[in-house]
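These are my notebook entries on a structure that I had not looked at before. I begin with one chain as a whole and then turn to details of the other.

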Amino acid sequence: MSALLDIEDLEVMFGGRSAAVRGASLQVEKGETHCLVGESGCGKSVTALSIMNLLARGGRRSAKRMSFAGTDLLSLSDREMARLRGNRISMIFQEPMTSLNPAFTIGSQMAEVLTRHKGGSRTAALERAVELMGRVGITAPEMRLGQFPHQLSGGLRQRVMIAMALMCDPELLVADEPTTALDVTVQAQILRLLATLKRELGLAILLITHDLGIVARVADRVSVMYAGEVVERAPTAELFRSPQHPYTRGLLSCVPVPGRVQRDRPLGSIPGVVPAIGPGFAGCAFRSRCSHADASCEREIPRRQAGSAHDYLCRLAPQFSEPQPA
Amino acid sequence: MLLLIARRLGLGLLVALTVMTLAFMLTRLSGDLAISIAGPSATQADVEIIRKAYGLDRPLYVQFFSWVGRAMVGDFGQSYFFKDSVSNLIAKRLPITLTLGLVGLSLALIISIPLGILAAVRENTWLDRGVTMFTMVGQAIPSFWLALILMIVLGLNLGILPISGTGTWQHFVMPGIVLAFTAIPALTRLTRSGMIEAMASDYIRTARAKGLSRARIIFKHALRNAAIPVVSIAAVQLGFMLGGSIVIETVFALHGVGYLGWESIAKNDFPVVQAVVLVLAAIYIGLTLLSDILNALLDPRLRTG
């Protein structure tokens, strides 16, 4: 089984000093919604950007393997990568308000994706834009073609971004916190939309989020990221049922789950903050915040299996303590 | 859009009126005009005759309104010195100044915009630093000095360009270069900073995520946004160039409006001075209006204003 997107041991460095991503591994299968979760600063967005080769100046990526549908992304030239972006891999961002160019109409910004990658006339591209805007639930799509971004609300702009990302029928959509900047009702609409698109178009989605509620709603599989590493990977239901890594457990104990949280008992929290990881760091990055940590956590940590599609990065054996209170 | 233009036009008219008032007041404040016209050897009686003849004995406000009234229909009176109507004088001199200004601005834009873009996309390289250095030196060089150096090198030593006069198009090359140099540093730096800001923006990240070519990202998506402040400043710079071309017109003996203004100030030919100030102000107002319209075309957010 070869995944659509297969990343192994991704490392991203900024300016040669700090490592934002330290050996992250991630597989996204065809047609699945894969969530990458973790708190702020753990390297989720950097991982997404490095897939697209869109890292800010000074960012350098390297990996043991980084392939998309059998193509080695690391060996592609800038020009070849540009041919892939917006075409077979699309990306949407956290900031719908500023992600569209204020100086051009929606129609022109959408049409240029199709004409760039698939050729054809502008008229045909505009027709496609109208069709997709209708599909993502934008009312009066013909009217939007001539409108400018500042005339649209945040939710509409994010829908435009999504429609624009779909122009060339991509196989993978990388969505970097697409709903964080939107209010809750719009957030729910966008998530439903992404789920529908995935089902109807067979689109694989790599959804980056810090919101476990979103994960529970839309994800097929989850990768949990901490301090630049993927510390646990599992199918969604399994991850919520039997989380293995202490960090994942901590995360889950912070969210109220109906039927699981008891009245009058405080929600959990993880003490401390994500540590700064310098070069030459070894062992488990979570050990300074982990109640199970001992001296052996400073050594190389094995990746343990907790099921056929479930693994985690911790020296502790599966089910090392009482399961979460049910 | 029409509302915007109408509003800016109204504003322009008010500015023109203010300039008229100021030009009038300042020429009156510079001393008794009758005495200076009559000259140092005139008797008191001569001065009185001149005062009467030029209508300077009337109350100030009468003089002002009669001047404004006639200026509205394009009659700026007679020059005291040139024995010609002021309107004729300006009509003859204006094309020279406008040619010079346009040559200067075109040169400035042709040089500074590519230079600014280049510096921005190669930010923090030796090329970028070189451009920044060039703009700093350019800003520090006085235009009369550059004019003299060019005259010596291109005119006298190499003999490839004429050093003064307005006979052929070659006469406009050197003044044009000098004039362009007054605007190049500011325009280059503005283009550079605008492009750097645009290239770091979210919509450029989107453009890259869409897989657009580098040329399209730079010249379509980034430049369109970086151009907005450049257009505003370029219009103001052209105004400066036309007004500030006094120095250059003098050095190169180009008989344009600037030179006319300089001559008439020296000779106390105040109808001409007032008219020159007014014409330059009108050009300024026109340019500002033009830049507002261009900006509204470039930036849709301004169109509703």
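I looked up the elements of chain B and found twelve helices and zero strands, where helices (H or I, at least four residues) and strands (E, at least two) are DSSP runs numbered from the N terminus. The model is a predicted one, in which local features need pLDDT of at least 70 and side-chain atom pairs count only at pLDDT 80 or more, while totals for chains, interfaces and linings use all residues. Residues are numbered from 1 along each chain as its sequence is written, and chains are lettered from A and ligands numbered from 1 in the order in which they are written.

Of its 305 residues, 37% are buried, a term I use when 20 or more other C-beta atoms, placed from the backbone, lie within 10 Å of a residue's own.

Next I looked at where the chains meet, counting two residues as in contact if their C-beta atoms, placed from the backbone, lie within 7 Å. On this count, 23 residues of chain A touch 19 residues of chain B. Helix H2 (78–84) and helix H3 (106–118) of chain A are the elements that each give two or more residues to chain A's side, and H3(A) gives the largest share, four residues.

I then followed helix H4 of chain A, residues 122–135, whose 14 residues reach 20 Å from the first C-alpha to the last, close to the 20 Å expected at 1.5 Å a residue, the expected span being 1.5 Å times one less than the number of residues. Its buried residues, among them A:Ala125, A:Val130 and A:Leu132, pack against H3, helix H5 (141–145) and helix H6 (154–165) of chain A. Just after H4(A), I found A:Gly137 with a positive phi of about 85 degrees.

My last entry concerns strand E8 of chain A, residues 172–176, in which five of five residues are buried. A:Leu172, A:Val174 and A:Asp176 lie on one side, and A:Leu173 and A:Ala175 on the other. E8(A) pairs in the parallel sense with strand E7 (89–92) of chain A over four bridges, where pairing requires at least two DSSP bridges between the strands, and A:Ala175 is the bridge partner of A:Ile92. Five bridges join E8(A) to strand E9 (residues 204–209) of chain A, also in parallel, with A:Leu172 opposite A:Ala204.

Technical notes: A residue is buried if 20 or more other C-beta atoms lie within 10 Å of its own, exposed if 12 or fewer, and partly exposed in between; C-beta atoms are placed from the backbone.
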